[in-house]
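Biologist: Can you walk me through this structure? I have the sequence and the model open.
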Amino acid sequence: MEKLLTPIKLANGVQLENRFVLSPMTTNSSTKDGIITKEDLDYALRRAKSAPLQVTGAAYVDVDGQLFEFGFGAHDDSCIPGLTKMAAAMQDAGAKVILQLTYSGAGANYYGVNHKVYGPSKLKLHLPFEHEVEELSHVMINVIKQKYKDATRRAIRAGFAGIEISTAQKLMLQTFFSTVSNKRHDEYGVDSLENRARFILEVFEEVYEVIKNEAPKDFILGYRATPEETRGAIIGYTVEEFNQLTDWILERVPLSYIAIASWGQNIYLNKVRAEGPNEGRLINEVVHEHLAGRVPLMATGGINSIEKSREAIMHAEMVGLSSVFVAEPDFVAKFQENREEDINLDVSVEDIKRLAIPKAAFKDIVLMMDYGKSLPQHTRDEFRKLEENY
């Protein structure tokens, strides 16, 4: 039987019927206050059968960590009713649904209510807009850890099957691990690998304490990360350092799965760029080899066909698709039914209602789709038109 369609057990014992995962995709169709809308729910319900494991778009844990202007949040108890409806809609067909928790940090796409962006160190950046990054104080670091704990409690109350902590793609936690972003010289600073890892490790420890005491026994704890940081020719951290960080996390908490995420096209084929023992090897292969079956690995990034899915699963246990499920919610079903020729990623505005895509959607998101090019140019251009509805 095709490996992609065989069952898989997560490290906590939860069994999934196949290897496909609906990866995070923010439609940017919630309210400015982070409250989930009916259009969000209709979109989620239409994709309830897409994959047995589904991860929501980024839910911010604090208003200062809001990543997208119309993304939804888990930052306040007022979010719980909407999150409860979201969990129910996505789990309508029996999928296990994970709430991704994030804090945007220096690379925020949207200014929070205080019009400040925070990071490990004071910086001036030009992307995605001209902005200054304020250095997090120790008090604020402790506040953010508490925010992650509170958001985890809301996920449990809302009925999600688990949470995912993302340290990928220049989010706050990732920037502390990076020698490019982190210029501090304290216990969270750049002077040692242990110090750079400290914030990430503490967040996982704090979050797991809540899960252990308040969540069902089969509650899923996921970890999404970028295994090698490259900024042009500059290496922010190596895959060997990432593997060490992963070992430290696994010593402290029982992860259910690890997902690889980064910027670019065909990320699942990224090769190690840093000098060292693994230079030139596939990053996924290096990480998968290091994990040695301790926890399932999810490959993501640019996987938009059955052929690429087969290629990606060679060095992973699961494959995550995001923008593909926007255009083709029935991707896996058509594969299971031997109807690969019916898979269609070309979408027109006339298809919006059939696909339950919000009329105002993808503000600032299409630019990311352009970067990854998982969807055809025509589809991206059609989605771009929806930004006019904001």
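Modeller: One term before we start: helices and strands here are DSSP runs, numbered from the N terminus. With that, serine 166 lies in strand S10, residues 162–167. Keep in mind that this is a predicted model.

Biologist: Is serine 166 buried or exposed?
Modeller: Serine 166 counts as buried because its relative accessibility is 2%, and the cut-off for buried is under 20%.

Biologist: What does serine 166 touch?
Modeller: Leaving out residues up to four places away in sequence, serine 166 touches Gln100, Leu101, Thr102, Leu171, Leu173 and Arg224.

Biologist: And which backbone atom does the side chain of serine 166 reach?
Modeller: The backbone nitrogen of alanine 168, at 3.4 Å.

Biologist: How many bridges are there between S6 and S10?
Modeller: S6 and S10 pair over 4 bridges, in the parallel sense. Within that pairing, glutamine 100 has glutamate 164 in S10 as its bridge partner.

Biologist: What holds paired strands together in general?
Modeller: Strands of a sheet pair through backbone hydrogen bonds, and they can be parallel or antiparallel.

Biologist: What does tyrosine 148 touch?
Modeller: Among the residues tyrosine 148 touches are Val61, Leu101, Ile165, Leu173 and Val203.

Biologist: New topic. In what order do the strands of the 3-strand open sheet come?
Modeller: The order is S7-S9-S8, and the pairing is mixed. Strands S7 (117–119) and S8 (123–125) stand at the edges with a single partner strand each, so one side of each has no neighbour in the sheet. From one strand to the next, the twist averages 35°.

Biologist: How do S7 and S9 run?
Modeller: S7 and strand S9 (residues 131–135) run parallel, joined by 3 bridges. Tyrosine 118 has glutamate 134 as its bridge partner in S9.

Biologist: Now the helices. Which residues of helix H12 are buried?
Modeller: In H12, residues 377–386, the buried ones are Thr379, Arg380, Glu382, Phe383 and Leu386. They sit on the same side of H12, because they cover an arc of only 160° around the axis.

Biologist: What do the buried residues of H12 pack against?
Modeller: Helix H9 (323–327) and helix H11 (366–372).

Biologist: Last one. What about leucine 45?
Modeller: Leucine 45 is in helix H1, residues 38–46. With 42% relative accessibility, leucine 45 counts as partly exposed. Not counting residues up to four places away in sequence, leucine 45 touches Ala89 and Asp92. The C-alpha atoms of leucine 45 and valine 319 are separated by 21 Å, and the two residues are 274 apart along the chain.

Technical notes: Residues are numbered from 1 along each chain as its sequence is written. This is a predicted model: local features need pLDDT of at least 70, side-chain atom pairs count only at pLDDT 80 or more; totals for chains, interfaces and linings use all residues. Side-chain values use heavy atoms; hydrogens and water are left out. Buried means under 20% relative accessible area, exposed over 50%, partly exposed in between (1.4 Å probe, protein chains only). Helices (H or I, at least four residues) and strands (E, at least two) are DSSP runs, numbered from the N terminus. The arc is that of the directions from the helix axis to the C-beta atoms. Contact means heavy atoms within 4.5 Å. A polar contact is a pair of N or O atoms within 3.5 Å; within protein, one must be able to donate a hydrogen and the other to accept it, and residues adjacent in sequence count only if both atoms are side-chain atoms. Two strands pair if DSSP finds at least two bridges between them. Axes are lines fitted to C-alpha atoms, for helices over the stretch in contact, and angles run from 0 to 180 degrees between N-to-C directions.
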